[in-house]
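Here are a few exercises to work through with the model open beside you. Try each task before you read its solution.

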Protein chains: 2
Amino acid sequence: MPKARLTPASVTEAAAALVDEVGFDNLSMGLLAERLGVKTPSLYKHVTSQAELAHRIAVLAMTEAGDTIRDAIQGRSGSDALAVGAQAMRTYVREHPGRYAAANATRPTGPDDPFIPASERVLASWAAMLSGYGLDPGQEIHAMRTLRSVLHGFATLEVAGGFQIDASVDESFTWLINFIDQGLRAGTASGGDAAR
Amino acid sequence: MPKARLTPASVTEAAAALVDEVGFDNLSMGLLAERLGVKTPSLYKHVTSQAELAHRIAVLAMTEAGDTIRDAIQGRSGSDALAVGAQAMRTYVREHPGRYAAANATRPTGPDDPFIPASERVLASWAAMLSGYGLDPGQEIHAMRTLRSVLHGFATLEVAGGFQIDASVDESFTWLINFIDQGLRAGTASGGDAAR
DNA sequence: AGCTAAAGGCTAACCGCATTAGCCACAGAG
DNA sequence: CTCTGTGGCTAATGCGGTTAGCCTTTAGCT
């Protein structure tokens with residue numbers, strides 16, 4: 001057999017790098033093939049379809065994001081964990097907008113889709129971080145969803161160029177994190193007042 | 001000339017209805033033509049390209065969303081305005097996921113793009129609502145961005161099926177609104193404490 | 001009422017891109 | 001040294017957006 005220049009993993013990695021440059025919906029088999037110094041149909045020896053390729057990018061992105069967030073939170077707790085975790089996620093999205101878009105475009109294909117555990121690991125990191133606030137158990141799910149909403153919303157709007165005014169976006173993000181932190185701590189203190 | 005069965009406006013409206021059903025990235029000229037009882041090339045008598053069609057859907061969506069939010073906030077202020085405004089936006093996105101996706105996929109094409117005033121009207125509604133909290137002027141931009149992030153993030157995650165657990169999503173949303181309201185009011189009271 | 005012109009629909013054709021079919025060459029196992 | 005299967009290639013298919021060019025209908029004018 002000829003030397004395996006390409007592998008499913010290397011193709012996926014190259015595709016991920018590509019979408020970060022050209023945008024997720026500008027991904028094309030021709031462009032990727034060119035990057036890899038190969039003709040388009042050859043890619044199908046390593047990937048069954050463009051849809052599957054996109055899905056692999058999504059799994060890769062979720063896994064990477066999960067690792068990044070976990071590492072950032074590592075050894076920290078409370079406000080500190082929130083701050084670095086949120087910054088880690090925002091940074092990941094800014095550096096890998098195409099991968100993040102791929103992850104958002106993906107739906108699990110079945111019960112054994114590796115995308116599921118990958119995204120659960122992200123959620124687990126957030127849950128661990130939130131547990132440091134000692135929230136009322138019934139409120140944790142709502143706090144989790146609120147946290148995911150802000151972070152996802154902010155990152156999405158930012159990479160889409162949604163923040164036009166020339167006020168510092170960095171500053172807005174730290175303000176946002178602080179806002180969330182204050183709210184979570186207030187909720188803790190008052191034993192659930194913020195949930196009414 | 002034959003009777004004008006189709007107009008640019010009616011085609012746009014039909015396309016908007018279509019994307020709400022089949023999803024924004026499943027929009028196709030063939031599908032739309034079929035809906036309108038016409039052959040695909042005939043659409044080009046009313047629309048110059050699929051990209052322009054998508055852009056028109058985006059403008060329509062922004063305009064509709066702006067009207068809905070403005071009407072909801074009308075005559076209310078503070079916590080009340082926040083609650084109904086946020087609910088209005090969430091409802092709009094749930095009822096028109098395709099249009100909302102179109103709006104998010106769109107970038108202004110130029111300085112006289114009608115998309116710009118349409119989105120500014122949405123922002124103006126949020127600004128009017130926020131003004132009721134009497135925030136420090138320097139913080140308004142951050143509060144605005146935070147608000148946009150949560151609402152956009154929540155709505156996006158919800159329509160994407162991102163909230164899996166069977167805890168009530170409605171309940172989470174009212175929790176979220178209350179969380180934001182508390183934070184804004186705290187920021188008001190302490191004269192900017194939440195912004196540190 | 002009849003003529004004219006252009007709007008608006010249709011068929012045929014083009015093009016780019018994902019995907020498939022089938023061929024060929026090289027490298028590792030025996 | 002041969003055999004085999006992997007991994008690349010060229011050629012061809014099909015779908016979807018788009019363009020070209022034709023043809024009918026009808027509003028508006030005489």
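This is a predicted model: local features need pLDDT of at least 70, side-chain atom pairs count only at pLDDT 80 or more; totals for chains, interfaces and linings use all residues.

**Exercise 1. Work out how chain B relates to chain A.**

Residues are numbered from 1 along each chain as its sequence is written, chains are lettered from A and ligands numbered from 1 in the order written, and side-chain values use heavy atoms, with hydrogens and water left out.

**Exercise 2. Describe the interface between chain B and chain A.**

Step one, count residues: 37 of chain B are in contact with 37 of chain A (contact means heavy atoms within 4.5 Å). For chain B, 100% of its interface residues are also interface residues in chain A, so the copies meet through the same surface.

Step two, get the area. About 3400 Å² is buried between the chains, and carbon and sulfur atoms give 61% of that (buried area is the accessible area, 1.4 Å probe, that two parts lose on being put together, summed over both). In chain B, the residues losing the most area to chain A are B:Arg145, B:Trp175 and B:Phe179, together 24% of what that side buries.

Step three, find the elements. Helix H7 (137-159) and helix H8 (169-189) of chain B are the ones that give two or more residues to the side touching chain A (helices are DSSP runs of H or I, at least four residues, and strands runs of E, at least two, numbered from the N terminus). H7(B) gives the largest share, 14 residues.

**Exercise 3. Find the buried residues of helix H5 in chain B and what they pack against.**

First, pick them out of residues 97-105: B:Gly98, B:Arg99, B:Tyr100, B:Ala102 and B:Ala103 are buried (under 20% relative accessible area, 1.4 Å probe, protein chains only).

Next, look around them. They pack against helix H1 (8-22), helix H3 (50-73), helix H4 (78-95), helix H6 (115-131) and H7 of chain B.

**Exercise 4. How many helices and strands does chain A have?**

Tally them up and you get 8 helices and 0 strands. As for burial, buried residues make up 47% of the 196 residues in chain A.

Methods:
Copies are superposed by least squares on the C-alpha atoms of residues with pLDDT of at least 70 in both. Buried means under 20% relative accessible area, exposed over 50%, partly exposed in between (1.4 Å probe, protein chains only).
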